[in-house]
Amino acid sequence: MAKVLLEMKSITKTFPGVKALDNVNLQVEEGEIHALVGENGAGKSTLMNVLSGIYPHGTYEGDIVYDGEVCEFHNIKDSEKKGIVIIHQELALIPYMTIGENMFLGNEQGSKWCIDWNKTYAEADKYLAMVGLSDSSKTLIKDIGTGKQQLVEIAKALAKNAKLLILDEPTSSLNETDSRALLDLMKKLQKEEGMTMIIISHKLNEVSYVADKITVVRDGSTIETLDAKTEQISEARIIKGMVGREITDRFPKRHDVKIGETLMEVKNWTVFHPEFAERKVVDDVSINVRSGEVVGIYGLMGAGRTELAMSIFGRSYGIGISGTLKLRGQEVTLKSPKQAIAEGLAYVTEDRKGNGLVLSNSIKTNTTLANLKAISKATFIDKDKEYLVAEEYKQKLRTKTPSVEQLVGNLSGGNQQKVLLAKWMFADPDVLILDEPTRGIDVGAKYEIYCIINDLAKAGKSVVMISSELPEVIGMSDRIYIMNQAKIVGEMPASEATQENIMACIVGVGGESAAADNKGGEA
Amino acid sequence: MNKFSIKDVLKKNVMAIALFVIYVFFTVMTGGNMFTSSNVSSLIDQNAYVFILGVGMLMCMLTGGNIDLSVGSFVCFMGAVAGVFSVIKHVNTPLTLFLVLLVGIIYGAILGFLIAYLRIPPWIATLAGYLAFRGLGTQILITVSETSAISNFPDSFLKIFSGKIFESAYGTVNIPCIVLGILGSAAVLVLNITSRQKKVKKGYQADPMWFVIVKSLLIVAVIMVIFVQLSLDGGLPVVVLWIIAVLVIYGIITEKTTIGRHFMTVGGNAETARLSGINNKLIMFAAYLNMAVLTVLAALIVTARFGSANAFAGQNFELDAISACIVGGVSAYGGSGTVVGMVIGAALIGVINQGMSLMSIDQDWIKIVKGLVLLAAVVFEILSKKGNKRQ
């Protein structure tokens, strides 16, 4: 029995209004690859942030026991000193610096006042060899692909004398070959260096390929830990742990909503990444939605859902967009959000603070922003009318605020979401694309948002609801599309949808190749 | 509901109160010299360009704290161009004005294109103009004139941008000026009271009547004091009409139109603006085109005031305009700011300038004080925002 390197005991972490982690326990043995799996928002990243000191000691309850002693990390430096290194999902490399410079950022080689560049590059080359990267350490980061950049991140971690390496979704931006190479490197490091690793991933085929143990996190609690040595772990088994949750009547019912003709139809829609022009973020997607219908698009983060929605909404994302878009049976070309709004489309963003609202402005001005025409004559704004409109939506959506003159930045998440919805409802669209409409808001506010969605459907609007919460998609939709790795991988009426068969669609596409290879190789 | 409170009113108008206090301070320190009609008149005359350029800078800053550094040099260059057309080439005044405006529009369009569509950072694009136009303006003046200055502008030109309306002798009361002052005061009174009445009629919350009257009377008092002083100094300066026109037009644009709302939104959150159907690039383009046009007006006013175009015209004007905005509470990050605020900021700096000069304090010390005032204004803005968040 190997010794336990890390033990996290009864970790509880509370954010204002939300319990992100509830009495979480995690045990990692020396020299193992331990996978953390769970839905978005289950608490995996929060747990790792607690471990690495990003949430310092004192902001959570519970103990971290590492290498036999109780640790109190106050920042990342503290945890790195102990050999705990986290590699974040978004790479933290600086494009216009060399590999060597990046590897020793904040850990510069040489004397206290003077960097020894010869030593820096020699050391860098040594670690690069360890991760199997043959490029010179004097190459600029921008000149190597994302796959190699991920290897540089690992080399950088090794250079910090890492004993416990945490990889947060390391393959999310890699293609199949690069992902495979990375996973093999992990196995090699485990074998040759005895490295202990924690990997967070949504790709279950990868998890079952690489992990010795798998811990399932759900709703801020650890549900179970599966041991690959003692039992054969199928992906279906993991999924069962991830989603095993009751759907209660958290969702208001829609009654007597007539589903009419098709309002929006998207065919063979393909979009490329604006920076990595060869990467398809939306691949040959066809969807349609009818009046009075709520269509759910389920997919994990990074599946291409937001990219799909924004590219439809006046090409506000992506390049090389191809495919046809029909609104009310007519083919249209929308070149800007302005045109999209004029054609009766609305995109309610998932990122209300980043690109949905102007936080420094009042509820009033935010509400009318997408449809200033309706409250102005010859560009002169009728402020009385504006006030009345804002007041009307405040009452309709039950936004809790003393006055519509209140700055949006001072509202709670749920109320901000209502203002965002009000803004797009006032634009009077036929088709609303709601991107994660209930992200980061409390249960009560969620229910109210669901009621608003039902009212919209009742009024004959088409609603496309993008969500990564399975119960929400199943509970609210008439019909569900399942999206994974830029493609639509399944479509089903909500009446036939269960959490298991939706997850099966996702596994079905991403899973077959790597898992099959794995078994073939070992046989 | 937001209740009416004196504290809020004082908080909102802290800069206006500071301006009043500082003015009184300098009036006392100079033994009343500050308050003579000729000094009141010259305060306005000297700072006319700051009000005009400040409005243009305000529009730029609203789009996200963007500034235009080329303003001062462009004033010099446009003065030279106007001189060449009007004095050297003897082009008649209307055509001169048209040509000068055209040059301004061309520059503004190029600058706007570079910033909005090629996405060159504004301070770099305008730094190029800052250097180039100073050089170009000076070269033109050296080439066409031995004294490297162009004077002898025709009367028809000077009269449009300088001098007084219905000029009368110093010390006598100028009736047209007083009449205009009374008309302006009456307009303020009527507008304030009717707008309150309208609010009450529609059932919105309105300030109490006594407050509206007190506020209006204070504004009327300020207007009347200024106009009486001006009338004693020979009459209403022409620039005052230009200033009022520009301030009123842009005040309306920023407060009451969708155009102003678009500027604020782009500065408040550019991505939100774009996804709400606002053409961000067009707004940026418009901001810099507008700045160039207002710079032309400022150049004409400055040239007419001195009666000559010279190589030193417009020095540091860009900094004066930016300071006026910052001191006037225009956000250095974009998204908020008002014409009234900018005017108060400009006046505050102007008063400090004049007051310290009248006290014969050294220019270097005036610079130090102005620098500190600027810094204090920004610190104040940021601290008061933090305070708001905590509530």
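1. The crossing of α3(B) and α15(B) is right-handed in this predicted model. The axes of α3(B) and of helix α15 (residues 339-358) of chain B come within 9 Å, and they cross at roughly 140 degrees. Angles over 145 degrees would count as roughly antiparallel, and α3(B) and α15(B) are therefore described as oblique to each other. By class, the contact of α3(B) with α15(B) holds nine nonpolar and six polar residues, with no charged residue.

2. α3(B) also meets helix α14 (residues 317-327) of chain B, where the two axes come within 8 Å and cross at roughly 65 degrees. That angle makes α3(B) roughly perpendicular to α14(B), and the crossing of the pair is right-handed. From α3(B) the contact takes B:Tyr49, B:Val50, B:Leu53, B:Gly54, B:Met57, B:Leu58 and B:Met61, while α14(B) supplies B:Phe317, B:Asp320, B:Ala321, B:Ile322, B:Ala324 and B:Cys325. The residues of this contact between α3(B) and α14(B) divide into 11 nonpolar, one polar and one charged.

3. By class, the contact of α3(B) with α10(B) has 11 nonpolar residues and one charged residue, and no polar ones.

4. Turning to the interface, 21 residues of chain B are in contact with 26 residues of chain A. On the chain B side, the elements that give two or more residues are α11 (258-268) and α12 (270-275) of chain B, and α11(B) gives the most, with five residues. The side of chain B that touches chain A divides into four nonpolar, 12 polar and five charged residues. For the complex, the predictor gives an ipTM of 0.85 and a pTM of 0.81.

5. The domain assignment of chain A gives domain 1 (4-243), domain 2 (257-344 + 429-516) and domain 3 (352-428). The C-alpha centres of domain 2 and domain 3 of chain A lie 25 Å apart, and the contact takes 11 residues from domain 2 of chain A and 10 residues from domain 3 of chain A. Helix α15 (residues 443-458) of chain A contributes the largest share of the domain 2 side that touches domain 3, namely four residues. That side of domain 2 of chain A has eight nonpolar, one polar and two charged residues.

6. As to confidence, the mean pLDDT of chain B is 92, with 98% of its residues at 70 or more. The mean pLDDT of chain A is 86, and 94% of its residues reach 70 or more. Among the elements of chain A, strand β16 (residues 345-348) has the highest mean pLDDT, 96, whereas helix α17 (residues 499-522) has the lowest, 57. Over residues 509-523 of chain A the pLDDT stays under 50, and for this stretch the model has 20 contacts beyond four places in sequence. Where pLDDT is low, the predicted coordinates should not be read in detail.

Conventions: Residues numbered from 1 in each chain as written. Chains lettered and ligands numbered in written order. Predicted model: local features only at pLDDT ≥ 70, side-chain atom pairs only at ≥ 80, totals over all residues. Contact = placed C-beta atoms within 7 Å. Nonpolar A, V, L, I, M, F, W, Y, C, P; charged D, E, K, R; others polar. pLDDT = per-residue confidence, 0-100. Domains from an automatic or database assignment. Axes fitted to C-alpha atoms, helices over the stretch in contact; angles between N-to-C directions. Parallel < 35°, antiparallel > 145°, perpendicular 65-115°, else oblique. Left-handed = near helix turned anticlockwise from the far one by under 90°.
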